[in-house]
Amino acid sequence: MEIAVLGSEEFVLGFRLAGLRRVFVATPEDYEKKMLEAMAVETVGILAIDSKDLHLLSPQVRQRALDAIQPVVVPVGRDESDLREKVKRAIGVDLYKTEDD
């Protein structure tokens, strides 16, 4: 499984510099099309997106993306209170669990 990123050229630049190879550059006009394209790639396990771009998706595609298990869509740049559950769902292990839990 690989990690991918979807967003504007500016948003994906940092991920590219960090070595991410699977990058989907999208404009506001083709964002939903690119989201569906990225979600259809079977080797993508985690898809990072800019949380500010969620409004560019229709309600149906937004809900599908946020509920997806393969790939797990992780909005970046806002409160990620459900990130723990998304990671747990993606890899089957609670990485945040401590001995006290």
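A residue counts as buried under 20% relative accessible area, as exposed over 50%, and as partly exposed in between. Glu9, at 39% relative accessibility, is therefore partly exposed. These values come from a predicted model.

The overall fold was examined next. The secondary structure of the chain comprises four helices and four strands. Along the sequence, these elements follow the pattern β-α-β-α-β-α-β-α. The chain has 101 residues, and buried residues account for 35% of them. Contacts between residues at least 6 apart in sequence were also considered; of these, 51% join residues at least 24 apart.

The four strands form an open sheet in the order E2-E1-E3-E4. Pairing in this sheet is parallel. Strand E2 (22-25) and strand E4 (72-76) stand at the edges. Each has a single partner strand, so one side of each lacks a neighbour in the sheet. Neighbouring strands are turned against each other by 20° on average, direction ignored.

The pairings can be described strand by strand. Strand E1 (residues 2-7) and strand E3 (residues 44-50) run parallel and are joined by five bridges. Within this pairing, Glu2 has Val44 of E3 as its bridge partner. Ala4 is likewise bridged to E3, with Leu47 as its partner. E1 also pairs with E2, in the parallel sense, over four bridges. Here Gly7 stands opposite Val25 in E2. The chain passes from E1 through H1 to E2, and this β-α-β crossover is right-handed. E3 and E4 run parallel and are joined by five bridges. Ala48 has Val74 of E4 as its bridge partner. A right-handed β-α-β unit is made by E3, helix H3 (residues 59-67) and E4. E3 is mostly covered, with six of its seven residues buried.

Helix H1 (residues 9-17) lies across E1, E2, E3 and E4. H1 runs at about 155° to E1. Helix H2 (residues 31-39) also packs on the sheet and touches E1, E2, E3 and E4. The direction of H2 makes about 160° with that of E3.

Aromatic contacts were then considered. A pair of aromatic rings is described by the distance of the centres and the angle of the planes. The structure holds one aromatic pair. Phe11 and Phe15 form this pair, at 5.3 Å centre to centre and with 50° between the planes. Planes under 30 degrees apart count as stacked and planes over 60 as edge-to-face, so the rest, including this pair, count as tilted. Both residues lie in helix H1. Phe11 and Phe15 are four residues apart, about one turn of the helix. Their accessibilities fall in separate classes under the 20% cut-off. Phe11 has a relative accessible area of 16% and is therefore buried. Phe15 has 24% relative accessibility, so it counts as partly exposed.

Charged side chains were examined last. Side chains of opposite charge can pair when their charged atoms come close. The structure holds two salt bridges. In one of them, the side chains of Arg22 and Glu2 meet at 3.2 Å, N to O. This pair links distant parts of the chain: Arg22 lies in strand E2 and Glu2 in strand E1, 20 residues apart. Arg22 has a relative accessible area of 30%, so it is partly exposed. Glu2, at 26% relative accessibility, also counts as partly exposed.

Technical notes. Residues are numbered from 1 along each chain as its sequence is written. This is a predicted model: local features need pLDDT of at least 70, side-chain atom pairs count only at pLDDT 80 or more; totals for chains, interfaces and linings use all residues. Side-chain values use heavy atoms; hydrogens and water are left out. Two strands pair if DSSP finds at least two bridges between them. Helices (H or I, at least four residues) and strands (E, at least two) are DSSP runs, numbered from the N terminus. Axes are lines fitted to C-alpha atoms, for helices over the stretch in contact, and angles run from 0 to 180 degrees between N-to-C directions. Contact means heavy atoms within 4.5 Å. Rings of Phe, Tyr and Trp (its six-membered ring) pair if their centres lie within 6.5 Å; planes under 30 degrees apart count as stacked, over 60 as edge-to-face and the rest as tilted. Buried means under 20% relative accessible area, exposed over 50%, partly exposed in between (1.4 Å probe, protein chains only). A crossover is right-handed if, with the strands pointing away from the viewer, the path from the first strand over the helix to the second runs clockwise. A salt bridge is a side-chain nitrogen of Lys or Arg within 4 Å of a carboxyl oxygen of Asp or Glu.
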